[in-house]
Amino acid sequence: MQTNFLRKIIFDEKSRSLLIQTLVIGLFALFIYLIAQQTAYNLEKRGISSGFDFLNLSAGYDISIRLIPFTSEDTHFRAYFVGLLNTLMIAVCGCFLATIIGFLVGVIRLSSNWLFRNIAYVYVEFTRNVPVLLQIILYYSILLHLPKIKQAIEIFDGFFLTNRGFFSPSPIFKEGFSLVLWSFLIAIIASILIKKILKKKQEQTGQQYPIFLINSALIIFTPILVYYIMGRPLEFDAPVLKGFNFKGGMVIRPEFLGMLFGLSIYTAAFISETVRSGIIAVSKGQREASQALGLKNNLVMRLIVIPQALRVIIPPLTSQYLNLTKNSSLGIAIGYADLVHGFGGISLNQTGRAIEIMLMVMLTYLTISLTISLFMNIYNKSVQFKGNA
Amino acid sequence: MTTFSNQSLMRNKYYNWIIKNLFSSWVNSLMTVVAIIFIYEVGTFFLNWAFFAADFRTNFQGELITDRSFCSKNIMPGEYGACWAIIYARWDQFMYGFYPIEEVWRVNFVYALLPLAIIGILFDKLPFRKYFIYFTFIYPFLAYFMLYGGPGLSVVGTNKWGGLLVTLFLGVTGIGLAFPLSIILALGRRSKMPIVKSLCVVFIEFIRGVPLITLLFTANVMLPLFLPDGVNPDNLLRALVAVTLFQSAYMAEAIRGGLQAIPRGQIEAAQSLGLNYWQTTRKIILPQALKIAIPPIVNTCIGLFKDTSLVLIIGLFDLLGIGRAALADMTWTKLYYEVYVFISLVFFIFCFGMSRYSLYLEKKLKTDNS
Amino acid sequence: MEQVIQLEKVNKWYDDFHVLKDIDLSVQRGQKIVVCGPSGSGKSTMIRCINRLEAHQKGHIVVHNTELTNDLKNIDMIRKNVGMVFQQFNLFPHLSVIDNISLAPIWVKKMPKKEAEDIAMSYLEKVKIPEQAQKFPGQLSGGQQQRVAIARSLAMNPDIMLFDEPTSALDPEMIKEVLDVMIQLAEEGMTMLVVTHEMGFAKTVADQMIFMDEGKIVEQATPDEFFNNPKSDRTKLFLSQILNH
Ligand SMILES: Nc1ncnc2c1ncn2[C@@H]1O[C@H](COP(=O)(O)OP(=O)(O)OP(=O)(O)O)[C@@H](O)[C@H]1O
Ligand SMILES: [Mg+2]
């Protein structure tokens, strides 16, 4: 009787699966419990308190690169936000630049010119096979060894390269500038409408319209026109050398530039590969088919290959964006004040709340990653849907 | 007569190639010219800097370079290129870290055997492969004994390890330990048991969602908090834990891709013969899935190998860490191009080699299947 | 007569989709039963339930006096005694022919390797391709692969064999070599349940014909009656389609 019962539990598919899962979860809980207990004991022994109350204490350190005001009297919680914004800023700028370089290199990799092709190839192999951290440090070193402020290199009027960063005139917006921005926005909306209308006409009548040209003109010239009508409501404040430093203007710090170059040059190599394989994937067959229809070659590239390739490119592109965002945590190596450097590094050292702080930092990155993946999935679904329809 | 026509045929072939790839249109020709100028400028600059105008061990006056003031470029600014003497001077550190000089033979011994330990895994048609694979399993223990010491060998603490030794140690050991773990994770993620499956999914996605540096920090700061008093892993071991967990999540995803590629019929055939879950997994599914998954696995390994450089942030001296230490030394400071180019080259050789191997496997897989 | 397979009011659903509806079937030792019917009628699903590649949700399936339930021991035992041949062969591409065949005897029956290989060779001779022993499945023709698959099942020495359209993935010139092996097997007295549309084979070998449609057994009869005097209209329609083809 008893053996029968045992046999039923062990050899029955369902109860065995239940048994295994109970065991797994039990072991897991035990593991967590032991660690939690040990940690509590260790914390007590070392006199480290825990909890999130430290977030309201004043941080006591300065952050030089910041998007929102911050002084050493502000709280750790505010330091968290300053770091988060810096992380997001470098991630967004990095992705932007990496995409531009990546697409450029990807297309060059498919150029009909053998030399261009191979120069791009050498670039790709050399950048993606060297650690991104090494590249960040290298570019940062180069930037740090630019001339001192006294001997600043003036590349254009008002633009200076120095070892303290890149100085440029800062814009001063006067009354009426918002109208320029609004007109720009309206021009974009209008151009989308025009595109739709003309496309429809094109389908009906078969006549070709220079849609691209019309829209570019609209988007470029409308704001310019408004700008002049409003009496040029934008001025620049150029940096001027006063004593040991520049006065006025604005500065992009070498830490930011080092991160930007390192991250985007490295990631661009990967992006260029996805662009290349995306274009190859769709142009086989597709391109020949459309050529047979008698379209001109460059038109083919624009009308069929690129939009189709985008569909293939965007998923791996997003995962490259994710990688870049995660790699932006390397700012600590050169002193770029991102989330890991400021909050995860200095705040941690000052408060000793390692568990709480690392948890917050990790969950923040996790949230960013999952958000990007979520949008990716939504996009993928919509593309698949369109593909089927 | 025939030789003549052959020759002209050959010449024709080259000619056609050149026309097609370099001068097919006037735009193309223009690009060719631009590219040649670019290559010439960059090439001569780099070659001059790295070789022709560079110092190796001695400067232009023939003196042995013992600190940076002897570098030709520092004696006659603007005329000379790289000063590689820093690499020579720090060679031992780059290779072994602070390993005692009289014990360095032990590291060399381990380095020398590394190819033998790996070759069996890399090539499946290798003669006597079985014995190489046996050696692969013995090697870690042998290497650990040789490097760390034990009965008959003096103990060299891991705080003395550095440079390429740390880079390779973290890379190779991290990959080796992550491999079995990643198989379990990948199988777990495909399990029908919801609890097992969700644990694996959460673990994998968590690790893949956070940067490695946060894991390294966590391991560095928190591992001592998690563990009882007696157990206190040193810094290198803590980094190894982080690196292994990190790598296992990425590898698991690569393996899952392989598992998904196995047709259901394979499992059904095995089941209908009476093989149980583990037999089916071990004998039928894994051998096929791993074969498909090796190229992506190698790609994750390249990533990990590069990422080992992050340990310098938690105070370990890997290759890059040693390089930075050399630059921080007043006698050699400012020679950062030399140091970084050298380290880049080392990483490049390893990573490029791995990526070539991965390409070779992908090609082989394609031909095997057709 | 000894009953080796019995299905009693077997029902199966894929989500909302009712694949098998009240299937009743009994197979005696040594009987050869041929199952036919239109695509999607549930033929594969039925025979896959017999060695529990699929689980049924209602009714009873008894094989060798053992009922198929969640009990894994019973499932293992039944699978050891029931061989199955698939439409797509499902040979293991990473193993040589001889390893394909000796795998299960070694790992399931715990046979010494040498013995298992001897047995494998003897079955390869039986399916008339002993010279292919060291090759890999990818190097064989479809007909050869299917014969290896049959040998692989036979090597476990089953007393029931299930065939799921064993010839429908084959080129016409290879069908015969596989059918010949199956006929030989039938002559030796193997209990066989065969899903096939090879009506010639059915006429020579079958004791019973079963016609399935929409998850039900519509007609069960001796071949003689089935082909010459079918009762159901659907059977007639199906036969007219398949015989005129
Ligand atoms: N795993 C599954 N999930 C959902 N539906 C399934 C599944 N397997 C089969 N079906 C459906 O069940 C029905 C019966 O399938 P089955 O394979 O048994 O048909 P069949 O008679 O063998 O047809 P064929 O001659 O095409 O092999 C089909 O409509 C099929 O679409
Ligand atoms: Mg079927």
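Okay, which strand and which helix of chain C each supply at least two residues of the shell around ligand 1? That would be strand S2 (17-28) and helix H1 (43-50). Keep in mind that this is a predicted model.

Let's stay with the ligand for a minute. H1(C) gives the most to that shell, with 3 residues. The residues around ligand 1 include C:Tyr14, C:Phe17 and C:Val19, and also the run from C:Pro38 through C:Ser39, C:Gly40, C:Ser41 and C:Gly42. By type, the shell divides into 4 nonpolar, 6 polar and 2 charged residues.

Now the side chains. C:Lys43 has a polar side-chain atom 2.8 Å from an oxygen atom of ligand 1. For C:Thr45, a side-chain N or O atom is 2.4 Å from a ligand oxygen, and for C:Glu165 a polar side-chain atom sits 3.1 Å from one. On its own, ligand 1 has 640 Å² of accessible area, and the protein covers 58% of that.

Okay, over to chains A and B. Here 52 residues of chain A are in contact with 56 residues of chain B. The buried area is about 4900 Å², with carbon and sulfur atoms giving 73% of it. On the chain A side, A:Gln21, A:Asn129 and A:Met362 lose the most area to chain B, together 13% of what that side buries.

How many salt bridges are there between chain A and chain B? The count is 1, and it joins the side chains of A:Glu125 and B:Arg356, at 3.3 Å, N to O. Polar contacts come to 17 residue pairs across that interface. H2(A) brings the largest share of chain A's side, 13 residues, and that side divides into 33 nonpolar, 13 polar and 6 charged.

Terms used:
Residues numbered from 1 in each chain as written. Chains lettered and ligands numbered in written order. Predicted model: local features only at pLDDT ≥ 70, side-chain atom pairs only at ≥ 80, totals over all residues. Heavy atoms only, no water. Contact = heavy atoms within 4.5 Å. Buried area = accessible area lost by both parts, 1.4 Å probe. Salt bridge = Lys/Arg side-chain N within 4 Å of Asp/Glu carboxyl O. Polar contact = N/O pair within 3.5 Å; in protein donor to acceptor, adjacent residues only side chain to side chain. Helix = DSSP H or I, 4+ residues; strand = E, 2+ residues; numbered from the N terminus. Nonpolar A, V, L, I, M, F, W, Y, C, P; charged D, E, K, R; others polar. Near = heavy atom within 4 Å. Areas by Shrake-Rupley, 256 points an atom, 1.4 Å probe, with all protein chains shown as cover.
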